[in-house]
Structure formats: structure tokens, C-alpha cells
Amino acid sequence: MAKVLVVDDSATVRNEVSTFLTGNGIQCVVANDGQDGLKKVQSDSDIKLVISDVNMPVMDGLTMVEKIRGELNNSALNVIMLTTESNPKMKERGKSAGVKGWIVKPFNGDAVVGSIKKLLG
Amino acid sequence: MLVSIRKKLIVKVNTILISSFLAILAVIVVLSYLDSQTQLSRVTEFIRSSLVAKAQTLVINNSFALKGMAEDNAFTAVQELVSTTVQRDLDITYGIFMDIDNVAWVSAAANGDEVDVTSGEELTDENSLWVSELEEFDYRDVEYNGGRVIEFASPVIVDDEILGFIRYGVSTEALVIALSEENNRSTQLLIRTLAILLAFNAIAVLVGAYLVRKMAWGITKPIGLLNSEAEVIASGNYDSKVEVDSNDEIGQLAVNFETMRVVVKKKIEDLAKINLAGENLAKITVQQKAFEEVLLALKSQCGASLVEVILNKDGVWSLAYDNTGQDSISDISKQLTIKGEYGRQIHFFEDVKTELGVSSADSTAALIVPLKDNAKLLGFIVLSGSDGNLHFNESDMEFCQSLARLLVITLNKITMMEVIEEQNRTLEAKVEERTAELQEKTNDILSMMQNMHQGLFTIMPNENIHHEYAAHCETIFGTKDIAGRNFMDLLFKEATLGSNELDQISTAANALLGEDEMMWDFNSHLLTTEYERVRSDKTSQYIELDWDPIILEGVIDKIMVTVRDVTNLRALQAEAEQQKIELEIIGHILSISEKDFESFINTSFEFIEKCEWLIKDNKSRDLDVVASLFRNMHTVKGNARTYGFTHITDSVHEVETTYDSIRKDESVPWDQEQLLSELEQARNDILRYQRISEEQLGRGKSGSNSGGIIIDENALQGVVNAFEKLKSMQMPDDVIKALTASYKLLESVNGRSLDDVLENVKKSANSISKELGKPSPDIAVNDGGVLFTTKSEDTLVNVFNHLIRNSLDHGLEKPEIRESLGKPPVGNIAIEARTSGSDVSLVIYDDGKGLPINKLRSKVSESKGQKIADALSVHEIANTIFESGTSTASEVTNVSGRGVGMEAVKAFIKGVGGDIKINLHEQKPAEEGFCMFEVEVVLPRNFYHEAPEWIKKSA
């Protein structure tokens, strides 16, 4: 079954997002940082969508996306960035890394369940 | 590399000539040589045979001569004979006689003129041995002194005894010399013959070469001429005539060449004409002009006095063009259309009279050129004239065909152009129409943008505002600096929003613009929809915003923002809200007595004042103080709740909660300022009640009443009771009338008829019926002269709302069912008020299907068991509808059917001291399992005023 990978160094955000998604019948796995996320993506082919923070220790979110595309050679995986800031420079980097879009925090669950389910197929 | 035919001819013929002479020469030489050799050998053979014959004779003679000499051993005689013989004959080289023992008696050799004789030696040479074996004459070739000789030998036999051998060597030298002479002679002869032959040869070759050269020249000269003519033609000049005077094949070739030149020249001229016609036709867009052009070319080629174009239009032959302007088809053409098959190919009629049966003075000949589009015959061209001015030959065939093809192509092109032009015109018209529509729409939009009374603009990907925006934006924001400005700057520069919220809006917009449309779902909730703005004059402005994405190919291209200035609306809303609250408060105040209200206000203020002092006196938390604060506010809250003063309870409850949390939770701080401010809010809420009581109701202020009086209910009741006592008194009618009027006036202050009370209920019955898809019922209310007290109105409304709803939903059938049962389509509901003793009964019944007794019984049986159910009377079963969970409706509707209704109604009525029950009308006809019934509501005396009997009578 298709899963969502939630990558955030903040346990609060991880819990909030994953609890919400699980409550709406969407399976979830979590990762603490980009490095962790990259490993999970590599090992779990059920992950069909990644919702990731940008600023994280060890490896930031955008670097993770770039590595998913580059090292893992996975161009099909949908990635949505969860962020508090969005500027043209970041957007540009995200676009070239194939980021599907940006969710600005705070995460408003109700509006996005349908879209997330659509992305999971 | 070009090698001329002449050169080739000369070289070839000369080569043949010379080589044949050489071959003949060689044959002659070989034959001469062979002949001389044969001659030589024959001569050699002849000489040799005559030599042999001579020598044989000599030797045999000698052998006879020697017989006696040898017998006599006449040694000298033998020597004499032999040497003489050698000496005499020049041909004899040597002569030998040897005895049987091979001892030479004589061995004479010719040595020039001398004869050298030796004897006495035994001969042992090979030749001598060969001789010693002979028994008769023989000869053979031998070597002698380096030359060749023939040795002739014969034994000398006497009486069969060989006494010796005579031997002579005859030289062949003379023979050889003779032969060599002969050979030389014949060789010389051969050389001479060859020399003569060579001389003849040379002469013959020279003469031959000359003749060959001359002949080659004669042959190649016309070819050269023809070649140079061909070069001229090849260079593109077809005008120079080919003239070669030769009676052979070359001459013929030249004639053909000239014919070809003429034909090619004509074809080229034809081609030029066709090209010119083609060029002209390409520019022509009108059919008539195309005909003119083609016919002009045809006329120039073939002559003709009359030209016509006949076209077949939908099976009818019609004249499309002619050069006479007669507008009628000529006889020739008529005849051609009748004999349709002539139109299939180009045909020249040399004599139209015999071939077509048309006689005309001007036109004796006619040329018909069909116009074909692939296999389809469109029509034909007719050229006619007298034999003199109309001419046609095979070489004109292609020209005419080409022109006909050109004309067909041009006609098709013109047709096509007309179609295209028509389409273009349609297209242009459509484009114009669309442009106009677009212009109109644009104008409309611009006009809307100019005149709409709300702000509207779009945010471009760079977060700036698009230059086309609704003019009202300028009014709202008080600036003309809008186009191209950053939307955050325009919208929120003077906003009272916090920086965090502003940052969220800006970030969200950034995360939306240019991104997947899905992002709208994720982020649009961050875009604020209302905010306050402080204008330059320090006044507040309230703005409402709508944000909508403009999607282009799945991507948010722009964001459309609708801006409304809701400042005035807000003010009105606030005012309306205020008024609503005030009205509610008025209701609250009026619901209790003035005295109670005053006492509530006074005590409340006292408690609040106490609290205020307690808070002010204590800089830190003191549990006793908090406890007393809590108690005070709890009392205020309790009082407010008792009276239903909901606009006080909220704030008081809040204060009480704060005190409670301070009391229970040490971590809650003792914040004097905060506490006082909360208390102030509560005080204000109470003050509002007091203010409304004074200002709106004029209470608490003497002399402020106007327009009416307040009648105490008890006092009124007293007056009403007093009327009761008057009934035994005899009074004049006038008095009764006055009293009745007075009574009614008083009653009307405090009571209303059932009809009036249920007016709204009846209205709502109509809308419920509509909801149920049934017509509005006729509701007949018989108030029985009973006036209900104001207090009872709510109860009546609640109860009858419910009962009527039940009746509409479960009782009255749909009109079609009603009609099938013989009932009027519109249902009837009757409500009657009846007084009995101290109570009033209100009865409601309808002409629906009645109560489902059987169903109710099975319900009871389900819940309590068959036995109990069977034991109950019909009346008791009917009254189970007041028990919990009894609804027989198989379908839960919006209106009723959840099985709690009647139970609640009963509980409610019991609560006000009344009762409710079902009375069955078993005598009325009803469906199987159903029973007609009425619901009787009994209300206590305090619900109504009943007019005294005497007043009722007089009324």
C-alpha cells in the first residue's frame, strides 16, 4: 500500500502530520532528517510521497530531494516541501530538483487529504 | 577523345591493304623457298644415283679385271690398275685393293694430280672391316679426311673364292659444289622476284592509300556538315536550315534532320505560346478572360473565324463563350452536342457538311477540342472556319491538348478560388464578429472594472499587481499607486496584522504562484480573508478578501484578489448585533418583575464592588481572598442564570472560572490588572442591563413612562374575579354591555384566543405539508370562547406544533390515496377547546388514516411480551404511544418518526400540571388495523381565562 514519508527534525511536526494522515487512512513513515529520509526512500518502495521539512540537521530537505533524483535515480517520487519560508531562490532550486510544491506551515490537514490521496494514486 | 571517322577509315583500310600485301609476299617467299628446296634434293638425288651407277660399273668391272691379277698375285698390275683408275677419275678420291687378310696390296689416294700409293700394311680400320665382310657389291657413306665420300666395294671372286676386295672412295665434293651453285642461283632468283614484288607492293599501297583517303573524304564531308548543323541546333538555334547535298544515306539523314529541326522549332514555338498562355492564365481569375486567352492562342495556331466554348452544366450544354456575341450555340456545336462522342477527343472535321451534316457558307471546317478533367468531360471548344483560314495537322494536336488542359486547370483554379474567397469572406465575417464580441466583452470587462463597487486585481508571478484592476481599488486604498505594486505592500502596509501573519501570507503567495494547482489546497488557508487597516486619518477600515487561483495548464499563473471594504457593513452589523442584544436584554428584563430586577442589579453591583476592593487590596494570591472572590461571583452568576440573563452569564462565568483556576492551580498568576479588567467587563455587562432597563424601558426613573400602563396580573385577576360576583345581579343591558366591553379589554391585556395563539402553528403547518409533498390541510380551530394567558402561549405553541406535525406526517394521506378512499384530497384537522370544571381540554383530530392499533400492539408484544400485549385493552394500547421508543413510522422523516415525540410532549405537559391522552373513535370507519382517534390535552385552570357565563351569553 502506498505510504507517505514525513521528514522533519521536529518531533511535534512529525507527530502532528503523521497522526493526521494516519487518522485519514493514509499510511505513514517518518524520518528525522534528510539522511534518514533518503535511507527510508531507498529501502521502502511503498513510499509514494515525501513531505519534507527544508531546514534540518545532517542533511537538509532540498539536498535530500536532489539525492533522491541523483543517487537513487528516482524521478517519479512526488516530493512536497513543508516550510515556513519560501523565496524565489529556494523555489528555483526546488523546481530543478523536481519538487511538486511547497506547503507553508502551519499544516492545514483538512484541505490537503484529498490532494494527498490523489498523489498516492 | 574524339577520333574522326575519316582518320579511322584511312587507318583501318590502309592497315588492311598493307597487311594483305605483306601476307601475300610472305606466302610467295615461303612457296619459293619450299620449291627451291625440293628442286635441290631432287638434283642431289639424281647426281648421287648417277655417281653410284658409274661407280658400281667401275667397281664391278675392276673386280672382273682383278680376278686374274689377284689369282696370279700380279701385285704390280693390281697396283697399276688401281692407281690408274684413281688418277683418271677426278671423282675418285682413293682406291684400295686388299686381300682376304685385309692386307692392302695397293692403297692409292688422289692427292691433287698425284697418286700416293702405299701397300703391304694390314687395314684394321672400321671401314676395312665392313668391307671384309662383303660377299657382293655394296657402298656406303664414309668419312674421309674430314669430308664425306661414298665407298664402293666389291669382292674379287674366283671360283667362288674371295681373293680380295676392290674398294674405291668416290668424292661427293663435286656434287656439293654443283648443288651449292644451284642453290645460290635459285636464291638469287627468289630475291629478285621479291624485290619486284616489293616494288609493286609499295606502289599498290601508295595508290590504295590515296584512293582510301579520297573516298573517306567523300563520305565524311556531309557528316561533318551535318555535325556542324547539329551543333548549331544544339546551341539552341533552330533557324538555320540543314542543307547537305548527298544522294546516299547521309543525304537522307540530313533531310530527316531538317524535318526534325522544323518540327522541333514548331514545338518550341508552340511551347512558348503555351507557356505564355499558361503565364497569362495563372493571373486570370475570371472565367471569360481565361476563355479569351486560350481561344486567342488556339486561333493564332490554327486560324478560325468562329470560336465557341460549350460547357456542360448539370447535363445541359450551354454556350460559355463565343467571339460573335450572338449568345446562341452555333449549328456545328449543336450537332456536336447531339453526337456527343465527338467531344471525347480532339477532332478536325475537314468537311462539316459531309461529316456533320451542317452546311454553312463561312464554316466548312471545324476543330473540336474537348475540355476534360481526368475522365470527366466538362465541355469543348469549337473552332470553325473555311478551309482556308482554319488549318490543323497532327503536330498541332499536342498544342491543342496542352491548351485544353491549361484551360481546365485554370477553370478549376477559378472555381477553387471562388470557394476559397467565399470561405475567406465567411472567415473574415466570423473574425469580425468574434473581434466585435471580444471588443464588447473587453469593453464590458473594462467597464465593469471601472464601475464595480468592489476591488479586484490579479497578482502576477512576480508578486506585483497587474495593470488592469478594478478602479474601486483606488477608492478602497485611497491611492492611485496600484499597478505594478507589490500586493503585500498595497494590501497590508497599514494593516494591523502581526508580522508573523504577514510573513505567512507572503510565503504562502510565493509558494502558490507558478506552482502546481494542487498547492492551492495546501496553502490557500494561509491567505487572510479579513483584516483591519488603519487609514491615514487614523480611522479603522475593515477589508474582506477573496483569493482565487487563475490556473493555466495546471499551474497557478496568477492569483485573483477580490477586495471589499466592509467597514460600513461591519458597523451596521455591530449595530444590529447590539440592537439584537438589547432586544434580548429587554426581553430578559421584562420577564421578571421590576422589583426582582432592581434587587438583582443592586446585589450584583455590591458583589462586584466587594471583589474589586479585594483585588485592589491584595497584591498577591491569598486563598481566602480567592475563595471569597469565587463565592461572590458564583452568586452573581447563579442569579443571572436564574433570570436567564445570558448576556451577563458569559462574562461572569469567565471571571468565576479565573478565580476557580487561581484557587485550584498555583501556577496561575495573580495578575491584579488582568483580574480588574475581567471584573470590569462583568460590571459593564451588568451596567448594560441597568442602562437598558432605564433608557429603553424607563424603569427606575420617575415620570418616564409613556404610551401605556402596566397592569399587575394579580390586580387584573382581582377585577376579573369581581366580574364573576356580578353575575347574580340583575343589571340593565347597557350596564352589561359596558361591563362586557370592559371585561374584554381587560382580558385582552392578558389573554388571547386559541386561534390567535396557534396562528403561527397553522402557518408552519403549511410549510411542513409542502416539505412532505402534501397539500396544506384545512385546520379548523374552535376556541370555545376560551382566552389563554400569555404565559400559556409557549406551551400551546410547542404542544400543538408537535401534534399537528404528527397529524400531517402520519395521519393525513397523500391526496391521491385520499381520493382513492373517497375522501377530499385536502386533509382536515380540527382543534377544539372545551372547558370542563376547572380544566380546559384541547382536542385535536383529523380525517387521516387513524392510529395503527395492530402495529402498536405488536410493538408492545415485542417489548413486553405477547401475553401482556394481548391483555391490554384497545384504549390502553392506543395510549402506549406516550411511552418511550414508540414510533410506528417505518420511515424516519425530517418531520417526525424517531419515536421520542409523544413521550416528550407528555413529559412537557405533565411538567406544567396538565395531561395528554388518546380517545378512540371506534365507531368511525377506518382501515383494517387502524382506529380513528383524538388527542386530548388537558391544561390546568391557570392557563386560561373563561369569561363568566353571563358574559358568554351576552356575547
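Predicted model: local features only at pLDDT ≥ 70, side-chain atom pairs only at ≥ 80, totals over all residues.
Visitor: Why is A:Asp8 called buried?

Guide: Buried means under 20% relative accessible area, exposed means over 50%, and partly exposed lies in between, with a 1.4 Å probe and protein chains only. A:Asp8 has 1% relative accessibility, so A:Asp8 counts as buried. A:Lys105, at 19%, is also buried.

Visitor: How do you know that A:Asp8 and A:Lys105 form a salt bridge?

Guide: The term requires a side-chain nitrogen of Lys or Arg within 4 Å of a carboxyl oxygen of Asp or Glu. For A:Asp8 and A:Lys105 the N to O distance is 3.5 Å, so the pair meets the definition. A:Asp8 lies in the loop between strand 1 (3-7) and helix 1 (11-23) of chain A, and A:Lys105 in the loop between strand 5 (101-104) and helix 5 (109-120), so the pair ties together parts that are 97 residues apart in sequence. Helices (H or I, at least four residues) and strands (E, at least two) are DSSP runs, numbered from the N terminus.

Visitor: What makes B:Glu421 and B:Arg425 a salt bridge, and where do they lie?

Guide: Their side chains meet at 4.0 Å, N to O, in a salt bridge. Both belong to helix 9 (residues 397-451) of chain B, and because they are four residues apart, about one helical turn separates them. B:Glu421, at 40% relative accessibility, is partly exposed, and so is B:Arg425, at 46%.

Visitor: Which parts of chain B does the salt bridge of B:Arg533 and B:Glu494 tie together?

Guide: The closest N and O atoms of B:Arg533 and B:Glu494 are 2.9 Å apart. B:Arg533 lies in strand 13 (residues 530-534) and B:Glu494 in the loop between helix 11 (487-492) and helix 12, so the bridge joins parts that are 39 residues apart in sequence. With a relative accessible area of 5%, B:Arg533 is buried, whereas B:Glu494, at 31%, counts as partly exposed. Over all chains the structure holds 44 salt bridges, and B:Glu612, B:Lys616, B:Glu680 and B:Arg683 are linked in a network of them.

Visitor: What makes a set of residues a nonpolar core, and which members of the largest one touch the most others?

Guide: A nonpolar core is a set of buried Ala, Val, Leu, Ile, Met, Phe, Trp, Tyr and Cys residues joined through side-chain atoms within 4.5 Å. The largest has 78 residues, of which A:Ile116, B:Phe457, B:Phe487, B:Leu491, B:Phe492 and B:Trp547 touch the most other members. Its largest share, six residues, comes from helix 12 (residues 499-512) of chain B. Apart from it lies another core of 45 residues, among them B:Ile829 and B:Leu939.

Visitor: Why is B:Leu31 called exposed?

Guide: B:Leu31 has a relative accessible area of 52%, so it counts as exposed. B:Leu31 is found in helix 1 (residues 5-71) of chain B.

Visitor: How do you know that chain A and chain B meet, and how much area do they bury between them?

Guide: Contact means heavy atoms within 4.5 Å, and 17 residues of chain B are in contact with 22 residues of chain A. Buried area is the accessible area (1.4 Å probe) that two parts lose on being put together, summed over both; for these chains the value is about 1,600 Å², 56% of it on carbon and sulfur atoms. On the chain B side, B:Asn510, B:Met518 and B:Phe522 lose the most area, together 33% of what that side buries. Across this interface the rule finds two salt bridges, and A:Lys100 and B:Asp516 also meet in a salt bridge, at 3.0 Å, N to O.

Key:
Residues numbered from 1 in each chain as written. Chains lettered and ligands numbered in written order. Heavy atoms only, no water.
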